[in-house]
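I opened this notebook to record what I looked up in one structure.

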Amino acid sequence: MKNSGNDSLGAEDRQPKESTISNLDSRFNQTLKNVQGLLKGRSIPGKVLLTRRADVLDSSSVSDQPSNYSRSLSDNDTGTSNHIAKSEEEDLQIINNNSIVNKSKSSTSNTEDLTKEVQKPIMGARATDSARVMKFTTLLSGTTIILDKLRELAWSGIPPYMRPNIWRLLLGYAPPNSDRKEGVLRRKRLEYLDSVAQFYDVPDTERSDDEINMLRQIAVDCPRTVPDVAFFQQAQVQKSLERILYTWAIRHPASGYVQGINDLATPFLVVFLSEYLEGGVEKWSISDLSPDKITNIEADCYWCLSKLLDGMQDHYTFAQPGIQRLVFKLKELVRRIDEPVSRHMEEQGLEFLQFAFRWFNCLLIREIPFHLVTRLWDTYLAEGDSLPDFLVYIFASFLLTWSEELQKLDFQELVMFLQHVPTQNWTHQELEMVLSRAFMWHSMFNNSPRHLIS
């Protein structure tokens, strides 16, 4: 009888444990269904932490919970993108019914009460949030700037007035040691001026036939650059762009000038002009600036463009193999994330190269309103050397914004739609959603290729 009583008591002890684990299994399976639903083109705000846990955890349930019930984002999972999660004071986690709860500031908070649920606000104003501005200010005030921390902060957006200095730092054009900054920039600007005098300010008689043809092509492309922004139609702006592009092409003979690189220079031009011109870009006139200031701006654009393209050299060499490789990766990722869209596009005979080549060639500059480009490039530059691979996730997120619409279109309609995506009314909110999904999918798929794949 005594043993029987003990067995009965043991069974009673096991029952709550089994019930807890069963409940955890049920909630995790529901969470996966919720996430898979979100992957079908619907948007999800914020960065994602998938965690297998019940709504309320007390100390007893925590002690009984198996350690493999948590899947958090680690440095090994997602590379540069994952450092962003560390920089946030509040990570987010998705739970049943797509509600979002605050996660405490450290990993030891798993034992704390998580019953308070809050809705994450729209992220359009994150870059100018006072707490984030203070973090930027503190970080930039040091004698030596810690670039990893700067990347973490910059990923989610940079205050516009800080953007010129931070972009120079993120690209490695300006040194992180503030004592060396002025000397380095002065030397680099003089070097650019010497290159312009040596390669650009010469008569055609001193150029080869290839150089003459390249300069003509650049002169044709400059007026076509961002045609819907009047500022870029100013003759002096186009001349500055021409000098930058031709000098870059001559100094990088492996690729030379490739159409699309003209687009990549425009965010730098706007950001570095913003140090000297006030108001919106539609009101700017470059003729208001002195020749010395214009030269400094051109030099900064030249060097930052060079630094950016150094990380993706095979995107612009013969046959552009780097872009072709990324287009293939994009196709594979879309197949994993949204198989119905992938299957429909294949059935219609649409090749990803027919629309995605331009996306990679111009980094989406032609696909979104120009006033959103600099915010997008905050994330690009924060990714650093990881940018080419992360572009695949951004472009997958961008494409699947219209998952349901795409499945209703035939071949001709798909081509027209994807060459003229309806983003003309987009705000920062839509862009943040694209970046958030990209971050989530990068976390799931980058080093876990079979994650959520049946």
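**Entry 1: the whole chain.** I began with contacts, where contact means heavy atoms within 4.5 Å. Residues 24 or more positions apart account for 72% of the contacts in the protein with a separation of 6 or more. This is a predicted model, in which local features need pLDDT of at least 70, side-chain atom pairs count only at pLDDT 80 or more, and totals for chains, interfaces and linings use all residues. Residues are numbered from 1 along each chain as its sequence is written, and side-chain values use heavy atoms, with hydrogens and water left out.

I then looked up the make-up of the protein and found 20 helices and two strands. Helices (H or I, at least four residues) and strands (E, at least two) are DSSP runs, numbered from the N terminus. Of the 454 residues, 50% are buried. Buried means under 20% relative accessible area, exposed over 50%, and partly exposed in between, with a 1.4 Å probe and protein chains only.

**Entry 2: helix α8.** I checked the length of α8, residues 178-200. Its 23 residues should span 33 Å at 1.5 Å a residue, and the end C-alpha atoms are 32 Å apart, which agrees. The expected span is 1.5 Å times one less than the number of residues. I listed the buried residues of α8 as Val184, Leu185, Lys188, Arg189, Tyr192, Ser195, Val196 and Tyr200. They pack against α7 (163-170), α9 (209-221), α10 (235-251) and α12 (291-310). At the start of α8, a side-chain oxygen of asparagine 177 comes within 2.9 Å of the backbone nitrogen of aspartate 179.

**Entry 3: two helix pairs.** I went on from α7 to its packing with α11 (residues 261-273): the angle is about 135° and the axes are 8 Å apart. Axes are lines fitted to C-alpha atoms, for helices over the stretch in contact, and angles run from 0 to 180 degrees between N-to-C directions. That angle makes α7 oblique to α11. Angles under 35 degrees count as roughly parallel, over 145 as roughly antiparallel, 65 to 115 as roughly perpendicular and the rest as oblique. On the α7 side I noted Arg163, Pro164, Trp167 and Arg168, which meet Pro267, Phe268, Val271 and Phe272 of α11.

Next I looked at α13 (residues 321-337) and α14 (residues 339-347), which pack at about 125° with axes 5 Å apart. This makes α13 oblique to α14. Val334, Arg335 and Ile337 of α13 make the contact with Glu339, Val341 and Ser342 of α14.

**Entry 4: phenylalanine 352.** I found phenylalanine 352 in the loop between α14 and α15 (353-362). Is phenylalanine 352 buried or exposed? It is buried, with a relative accessible area of 3%. Not counting residues up to four places away in sequence, phenylalanine 352 touches Val327, Leu330, Lys331, Val334, Met345, Phe357 and Leu399. Phenylalanine 352 and leucine 330 are 22 residues apart in sequence, and their C-alpha atoms are 8.1 Å apart.

Entry 5: I placed threonine 423 in the loop between α19 (411-419) and α20 (428-445). Threonine 423 is buried, at 4% relative accessible area. Its side chain reaches the backbone oxygen of glutamate 367 at 2.5 Å.

Serine 436 is in helix α20 and is buried as well, with a relative accessible area of 6%. The side chain of serine 436 reaches the backbone oxygen of glutamate 432 at 2.8 Å.

Notes
A polar contact is a pair of N or O atoms within 3.5 Å; within protein, one must be able to donate a hydrogen and the other to accept it, and residues adjacent in sequence count only if both atoms are side-chain atoms.
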